[in-house]
Amino acid sequence: MDNDETDLFPGWQSGDASAFSALVRRWQGPMARFLFHLVGEREVVQDLCQEVFLRAFLAAPRYREKGELSAWLYRIALNVARDRTRRRRLIVRSMANCDIPSDVSEPGVHCEQQETSDLVGQAIAELPEPLRIVLILRHYEGVNFEKMARLLGTPASTLKSRFAAALGRLRQRLRLFAPDNEESKK
Amino acid sequence: MNCTHVRGRLSDLLYEELSSGEIEQVKEHLTQCPACKSEYDSLQDLRRMLDGVRAPTVSVNTPGMFRQALEIHSRRARRWRRAAVALAGLAATVLAVILFRLEIRAGSNQVVIRWGSSTSGIETVTNPKSEPSEHHTAEASYVPASEAELQPLRGLIHALDASMDQLSREVENRDQRQQHNIVRLQEQVTQLRVMFQRQMATYLADSSKKGENR
C-alpha cells in the first residue's frame with residue numbers, strides 16, 4: 001500500500017470527506033481502466049466508477065486494514081462489473097461508431113487508431129471472464145500473480161496458465177488486424 | 001533449452017518475470033531459432049496493440065456520491081424504522097390476542113370479532129356485504145359471569161386470605177418473642193444494678209474501716 005493511502009486510511013474509513021476524495025483521486029484512473037477493459041463499453045465507465053466508490057464509501061467501516069486496499073477496490077469493481085453484466089448482456093460495440101474530435105488535424109489517422117483500439121478492446125471483452133480478468137490485472141494494472149492469487153482466491157500457477165491462454169486467444173483473434181505482424185512474418 | 005521450454009517462457013520474458021540467468025538462456029535460444037523468434041515478435045506486437053487501447057478518463061463526482069450515500073443511509077434508516085414499528089405492532093396484536101382472548105372469524109356475510117370467553121365478554125358482529133337496510137351496526141351484549149368461571153377467582157381470594165392470616169400470625173409470634181426478650185433483658189439489668197449496689201456498699205464499708213484504722 002502507498003504511503004499516501006496509509007496516511008489517509010483512518011480518515012476515509014471514519015467518513016472524512018476530504019480523505020475519501022483524495023482516495024478517489026488516487027484510484028479513479030486505475031478503476032476506470034479496469035472497468036473499461038472488463039465491460040468493453042466506454043460510455044458506462046463513468047457510472048460504474050461512481051458506483052465503485054459509492055460502494056467503497058458505504059462499506060468503509062467494515063474494511064479491515066491488511067495492506068490490501070487496492071485488492072479490496074478491485075474486488076468491488078469486479079462485483080460492480082458482474083452486477084452490470086447480469087443486468088444487461090454485453091453489447092458489442094459497433095465498428096462504425098467512430099467519434100472524430102473537431103481538433104484532430106488528421107481525422108483518417110485518428111479514426112484508424114481508434115478503430116484498431118476498438119477492435120482490440122472488443123477482442124478483450126469477448127474473452128471468457130476468468131481469462132479477461134487475469135489479462136487486465138496483469139497487463140493494464142501491473143498486478144503480479146501472487147497478489148492476484150490473494151485477490152481472486154485462485155492459485156498463482158492457475159492464473160499464469162490463464163494469462164498465457166488469454167494471450168494465445170488474443171493473438172489468434174487479432175492476427176487479421178495486425179498488418180505489421182503479418183508483414184514481419186512474411 | 002529446447003523450443004517447448006522456451007515457448008512456455010516467452011510471456012514471462014515479455015513481462016519481465018524471468019531471472020537474469022533465464023533471460024540470457026531464452027534470448028540465446030531466440031537468436032538461433034527463427035520459429036521461436038517469430039513467436040516472440042508476435043507476442044511483442046500483441047503487447048503493443050494492447051498498450052494502444054486507450055481507456056476513457058473519468059472524474060468521479062464526489063459531492064454527488066456523498067449525497068447518494070446520504071440518501072442510501074436515510075433510506076436504510078427509514079426501512080429499519082418501518083420494520084421496527086411493524087414488529088412492535090405485531091407484538092402488540094399478539095399480546096392483545098393472548099390477553100383478551102381475541103377471536104376474529106369471517107363467516108357467511110359476517111365478520112365476528114369477540115374477546116373474552118365464549119360465554120362472557122363483548123361480541124361485535126358486522127355484516128359488510130348486506131344491504132344498508134339490513135346492515136347490523138356494532139351490536140354488543142353483556143352476559144354475566146357463570147358460577148364455574150367465578151370459582152377460580154374465589155379460590156384465589158381464599159388462598160390470599162389464608163396467606164394473609166399466616167402472615168399476621170407470624171408477625172404476632174415475632175412480636176411475642178421480641179417482648180419476651182425485652183423482659184429478660186430488663187430482669188438482667190435489674191440484677192446487675194443490685195449486684196453493683198452491693199459491691200459499692202462493700203467497697204465503701206471497706207474504705208471507711210481503713211480510714212478509722214489510720
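Is Glu39(B) buried, partly exposed or exposed? Glu39(B) is partly exposed, at a relative accessible area of 23%. The cut-off for buried is under 20%. The model is a predicted one. Glu39(B) is a way into the contact between its two chains, A and B.

Start with the partner of Glu39(B). Arg171(A) forms a salt bridge with Glu39(B), and the closest N and O atoms lie 2.6 Å apart. This pair crosses between chains: Arg171(A) sits in helix α8 of chain A, and Glu39(B) sits in helix α4 of chain B. Arg171(A) has a relative accessibility of 15%, so this residue counts as buried.

Now look at the helix that carries Arg171(A). Helix α8 of chain A runs over residues 156-174 and has 19 residues. From first C-alpha to last, α8(A) reaches 27 Å, close to the 27 Å expected at 1.5 Å a residue. Its buried residues are Leu159(A), Phe163(A), Ala166(A), Leu167(A), Leu170(A), Arg171(A) and Leu174(A). Seen down the axis of α8(A), these buried residues fall within an arc of 130°, so they line one face of the helix. There is a general reason behind such a pattern. An α-helix has 3.6 residues a turn, so residues three or four places apart point the same way.

Next, the interface as a whole. Chain A gives 39 residues to the contact, and chain B gives 32 residues. Between them the two chains bury about 3,200 Å². Carbon and sulfur atoms account for 67% of that area. Polar pairing is found here too. Across the interface the rule finds 11 residue pairs in polar contact, with both residues at pLDDT 80 or more. On the side of chain B that touches chain A, the elements giving two or more residues are α2 (10-14), α4 (34-52) and α5 (62-100) of chain B. Of these, α4(B) gives the most, with 11 residues. Glu39(B) lies in that helix.

How many salt bridges does the rule find across the interface of chain B and chain A? The rule finds two. One of them joins Arg171(A) and Glu39(B). In another, the side chains of Glu17(B) and Arg138(A) meet at 2.6 Å, N to O. Glu17(B) is found in the loop between α2 and α3 (20-32) of chain B. Its relative accessible area is 27%, so Glu17(B) is partly exposed. Arg138(A) is buried, with a relative accessible area of 10%. Glu17(B) lies in a loop of chain B and Arg138(A) in helix α6 of chain A, so the pair joins two chains. Setting aside neighbours within four places in sequence, Glu17(B) is in contact with Arg138(A), Phe145(A), Lys160(A) and Asp12(B).

At 15% relative accessibility, Ser21(A) counts as buried. Not counting residues up to four places away in sequence, Ser21(A) touches Thr62(B) and Phe66(B).

What does Arg33(A) meet in a salt bridge? The side chain of Arg33(A) meets that of Glu141(A), at 2.9 Å, N to O. Arg33(A) counts as partly exposed, at 28% relative accessibility. Glu141(A) counts as buried, at 14% relative accessibility.

Side chains of opposite charge can pair when their charged atoms come close. A search of the whole structure finds 12 salt bridges over all chains. Some share partners. Such salt bridges join Glu51(A), Arg55(A), Asp83(A) and Arg86(A) into one network.

Finally, chain B itself. Chain B has six helices and three strands. Along the sequence, the pattern is α-α-α-α-α-β-β-β-α. Of the 214 residues in chain B, buried residues make up 17%. Take the contacts in chain B between residues at least 6 apart in sequence: 28% of them join residues at least 24 apart.

Definitions and conventions: Residues are numbered from 1 along each chain as its sequence is written. Chains are lettered from A and ligands numbered from 1 in the order in which they are written. This is a predicted model: local features need pLDDT of at least 70, side-chain atom pairs count only at pLDDT 80 or more; totals for chains, interfaces and linings use all residues. Side-chain values use heavy atoms; hydrogens and water are left out. Buried means under 20% relative accessible area, exposed over 50%, partly exposed in between (1.4 Å probe, protein chains only). Contact means heavy atoms within 4.5 Å. Helices (H or I, at least four residues) and strands (E, at least two) are DSSP runs, numbered from the N terminus. The expected span of a helix is 1.5 Å times one less than its number of residues. The arc is that of the directions from the helix axis to the C-beta atoms. Buried area is the accessible area (1.4 Å probe) that two parts lose on being put together, summed over both. A salt bridge is a side-chain nitrogen of Lys or Arg within 4 Å of a carboxyl oxygen of Asp or Glu. A polar contact is a pair of N or O atoms within 3.5 Å; within protein, one must be able to donate a hydrogen and the other to accept it, and residues adjacent in sequence count only if both atoms are side-chain atoms.
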